[in-house]
Structures are given as C-alpha cells and as structure tokens.
Amino acid sequence: MTLNAPLLTVNALNKYFGGMHAVVDLSFELYENECLGIIGPNGAGKTTLLNLISGVTLSTSGTMIFLGQAMEKKRSSQIARLGIARTFQHIRLFKQLSVLENITTAYDHEINYTLLEALLRTRRMKQEENKSYKASMELLDLFGMSSRAHHMASSLSYGDQRRLEIARALALKPRLLLLDEPAAGMNDAETRELLALLRWIQREFSLSMILIEHHLPFIMEFSDRLLVLNFGKLLAQGTPSQIRQDRRVIQAYLGEEEA
Amino acid sequence: MVSMLYALLGYFLSSMLNNQNLLQVKKTLEDHSSWFLKYRLLLLFGWLAVGSFLIPQFVNEYVTFVLISLVINTILCMSLNLVNGYMGEFSLGHAAFMALGAYSSTMLTLYITPSLPPLLLFPLAIVIGGLSAAIMSLPIALLSIKTRGDYLAVITLAFLMIVKSALENISSLGGTHGLLGIRGLTTLPWAYGCFLFTFWSLRNLLASKWGRSIRAIRDDEVAAEAIGISTRSLRIMTFVISSFFAGVAGVLFAHQIQFINPNSFNILKSTNILVMVYLGGVASLSGSCLGAGLFTLLYQLLQPLGIWRSVMMPLLLVLLMIFRPSGMMGFREWSWFSLTPAQNKE
C-alpha cells in the first residue's frame, strides 16, 4: 500500500431514503492508482454509494474529501470537473448524438470560448472546436471506434455502448473512475475483453478506480482491495484473498452457516 | 426552355441508370464546385433577400401578407424548437413570450417614441420586444431548474394564462380591447431580416459546445451532469434565448396585423406553433422552416373548407403522430443547413 495521503477519504457517510437507511456510517479510504472493488448482495447500497460519491444524490450526513476538497455539498457537474468520472449501471449515453459528440461533450469544459464567439463563429471558436474534435478522435482511435465516429450512439452494439460510456468518462481526464457493473449483460468472452480493457486503461491513464460488480471471479481478479457491503453497512474489507476466507462474507452471500 | 429542362432531366436519369457514370458526374461536380459547396447557403439566402424586396412589387397585398406570416411563423417555430426539440422540454407558453414582445414594442412605437423615423424605430422596437420577452422568461427559466417534463409544461401553460389575464386587466394596455392603430411597419424585407438573424444565431449556437450540451440534456440529464455540464445555467440560457426570438416574432406580428389584444395570444396560438414544430420535425432547423411553411400555406389553402379546416389541422397532427412521431425532418438536417465538424477547419 502506498504511504501517500489518500485520494478519497469517506468518513461516517449516511444516506436515508425516507425511513430506509441505505448507507450506514460508512468510512473508507482510497489511494492513488488503487482499484477498489465493492461487492454485496442486491440492495446493499453499492450503487447508492457510487451516486453519493459522484454527487448524483446528496448524502444525509458524513464527509467526503477528494484531493483535499470537501465534496458532500457539491453538484454532480462540479465533482465531474474536479476529476471523478463515472459510468452507470444502465447505460446512459446521449443516444441522439453521434459517437464523436458523446466524447466531445465531455471535453467541452476544457475548451474555451464565449457565447458571443459561438454566435459569430469566430476564428478562435473554430480553433477551439478543432482542438476538442482532434482530442475526441484520438480517444476514439484508442478505443478502435473512430470509423464509427459519425454514427448515432444508439446504433452501436451493447458492448460498444458500454465501451463508449467508459471512453466518455475518460474524456473528462479523471483521477478517479467509478464503474457501476460494467460487465452486466456480458458473456464470458466479453467480460475477459473488458477486464483487459480496464487493465489497459489503468496503465495508460494512471487513475484510481472504484468498481461494483456481481461477477465475482472478475472483481476478485481485478481489485487490489475489496469492500463488502450488506444492508448499507461495511461488512468487511481487505485483499481479495482475505475476503474469500471471511466467514461473515460467505454467510451474507450464501445465507447459511458454513459447516 | 421546357425542352432543355427535359434534356437535362433525361441526362440525369440516364446517368442514374449507370451508377459508375453517376459517381463520376458527382465527383466532377464536387471538384469544380467546392466554392459552391462553401457559399451555397449564402447564395440561397442572398437570392431570397433580393426576392423579399422584389416580390411585394409584383404580387398583391394578400400574397405579401401570407409570405410575411410564413416568415414570422418560421421564426416562432425555430425558437420553440430550441426548447421542445433540442432541449426536450415541452413549453406551452410560447404565445406569452410573443405577447410580451408585441405589447412592449407597441408601447414604444405607439406612445414612447412614435416620432422616430421608421428605419431607426423598428429595429429599436425589435430589440426592445425581444429583450423584454427574454427578461420576462426568467421566472419560467428559473422554475425549469426544479421542474421537468409534464410539470414544466403545466407551469408554462399557467404562465401563459397569467400573462393573458394580466394584459386583460391593465387598462393602460387597452384591457380586453387591446391596442389599435399600430403602424404597419412589418414589411417582407424586415421580416426576412429577422428570420436570417434568428436562423444564423440558432445555427451557430447549435453547432457550438452549448448546442451539444443542450442536446445532451435532452438525451440524458443525469449523464450530462456527470460529465461536467452545468445543466442549471444551460436550461436558463436556452429558455431565455428561445423567448428572445419569440418576442421578436411578436414584434413583427403586432406591426403586421396592426391590432393586438390579449386574445391574439391565447393557447390556440401556442398550439399552432407546436403543430408547426411537430409537423416539420423536432430538433431540426430545416424542419422548422418546412413545418412553418407547410402550416401557413395549408392554413390559407384550406380556407374554402370553412369550419372543416379546424378538423383538418388536428387530423393532420394525429396522422403525423402515428406515422412520423418526430416530424418530417425529425432529428435530421438538410445538408445545406448543417454545420459539420469538418467545416470548422479553415
């Protein structure tokens, strides 16, 4: 484990939905270049936790510190610009935008021109547009999708839509990437491809990841460390081999006493 | 002349039969006419501008009147399409913004500065009308942050009713009788100039990062936020811009009809604009032109049907929703109108 200060510190995080206590006093830390896996039965609060970190929903209490900044009151778009990108459990692409435009929208906060320059289509506006066009094309090239740059995003296959969503998240140049069940609905071959892709992303972009996945072999192989959630509580945390032998985890997953 | 046309048609038909030949024709055309590709839209709008000055000299007043209505409707349709088509909200209150533009500009041309020469007065009226509609749209724009979809549609409808009953009860604005004796300042060139301004602004806006973000909000607001788009400010901006152009259309309308009362801006007016948007096609500027054009012409051509005209229009809408729910040009753009990333290169 690295000795640096953590990238993300979550402390005593709580979330109520009405009377439902979805996330209970959750605390953990995440370090640079670390892959943190989150597992737990359905309804354990995994997606809620990701929504809290990315600002899609606001926490009831607790603190989150990312790169030295408090995040619990920030809006989703502000958090994204700080460097936390995410994908969704159900693919959320901009379906009526082209594959290229899906990427470009994520680059847009980096390019710089005023509304007036946009209305007049000044030289600078075109230069800036070109910049984001080129950067987006390069990213699409890395994902082998540049030949379909001008197709509608909705015309892509399921697997490619997943990959495009990951590419769009990377266009934000994040320090932390949150992946919510990226292998959902994929067969074994596709899952292996995805694993290779994620490994390559981590090398190429040097970022931390938090990953939710039901596919256990996948997440055991991929993560440096695992958090196990059950009913919103932290049940256990540790390396995959530690988790594999944890009695409480086996109990929660299989729902019965081991002999 | 006619035989020449047939000869040309024959040539194209025969070349179409031979695909190889057609490709060659197309290629040579492209090689020799890159300047044409670059300036075709400018040429088209230039000729139309000349036409807007010449046509009124040769046709009777009725035709000019219909043409001006067509242009005003196109402006309205494009402005509503920004909110309903590109951003994916549903505004029923567009007639209210039109009314705000119409009333504020009429106050200017009728009472405040009627003595200015028309060449100065009318542009001033257009700007004032647009701006006051834009400013008055702020409450709706702010509410659109908190409210979405059906609920926002109801709020825009309520806004329309508020504006209408406010106008009916302010006696200095003529109350239910409205304002009479407005000067007929709207000519075809003026209307066309406003159309050009609207078209050019919206086309450039939509080809910018803001345009992309507006369409991203329509497709998935949560994802748009998650990639760093500040959807709040963008929603406000879109509503304000859309209302500005609705206000401009209101100015033109008031100075064309030369008489306005609160009833000119009722829910039917809003509905008519909606029909144009969904007829021509959502999220398409060429669709807006097509929709407004067809609607205006059909509305005039169906006049002999009398009361049955009010049956034909809704029927058209029903058929459209069944067979082409996003309109004739929905989510597509005529190639002359579209701005592709390639055109950003200098």
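In the predicted model, 13 residue pairs are in polar contact between chain A and chain B, both residues of each pair being at pLDDT 80 or more; a polar contact is a pair of N or O atoms within 3.5 Å, where within protein one must be able to donate a hydrogen and the other to accept it, and residues adjacent in sequence count only if both atoms are side-chain atoms. On the side of chain A that touches chain B, α2 (76-82), α3 (99-107), α4 (115-120) and α5 (123-142) of chain A each supply at least two residues. The most is given by α5(A), with 8 residues. Helices (H or I, at least four residues) and strands (E, at least two) are DSSP runs, numbered from the N terminus. By residue type, this side of chain A divides into 17 nonpolar, 12 polar and 12 charged residues; Ala, Val, Leu, Ile, Met, Phe, Trp, Tyr, Cys and Pro count as nonpolar, Asp, Glu, Lys and Arg as charged, and the others, Gly among them, as polar.

Residues are numbered from 1 along each chain as its sequence is written, while chains are lettered from A and ligands numbered from 1 in the order in which they are written. Because the model is predicted, local features need pLDDT of at least 70 and side-chain atom pairs count only at pLDDT 80 or more, whereas totals for chains, interfaces and linings use all residues; side-chain values use heavy atoms, with hydrogens and water left out.

Contact (heavy atoms within 4.5 Å) joins 41 residues of chain A to 33 residues of chain B. The two chains bury about 3,200 Å² between them, 56% of it on carbon and sulfur atoms; buried area is the accessible area (1.4 Å probe) that two parts lose on being put together, summed over both. In chain A, the most area is lost to chain B by A:Arg75, A:Phe94 and A:Arg121, together 18% of what that side buries.

The structure holds 20 salt bridges over all chains, and 5 are found across the interface of chain A and chain B. A salt bridge is a side-chain nitrogen of Lys or Arg within 4 Å of a carboxyl oxygen of Asp or Glu. One of the salt bridges pairs A:Arg75 with B:Glu225 at 2.6 Å, N to O. This pair crosses between chains, from the loop between β5 (69-70) and α2 of chain A to helix α11 (residues 221-226) of chain B. A:Arg75 is partly exposed at 27% relative accessibility, whereas B:Glu225 is buried at 7%; buried means under 20% relative accessible area, exposed over 50%, and partly exposed in between (1.4 Å probe, protein chains only).

Within chain A, the side chain of A:Asp160 meets that of A:Arg148 at 2.8 Å and that of A:Arg163 at 3.3 Å, N to O in each salt bridge. A:Asp160 and A:Arg163 both lie in helix α6, 3 residues apart. A:Asp160 is buried, with a relative accessible area of 12%, while A:Arg148 is partly exposed at 26%. In chain B, a network of salt bridges links B:Glu89, B:Arg148, B:Glu221 and B:Arg235.

A:Asn102, in helix α3 of chain A, is buried with a relative accessible area of 0%. A polar atom of the A:Asn102 side chain lies 3.0 Å from the backbone nitrogen of A:Phe94.
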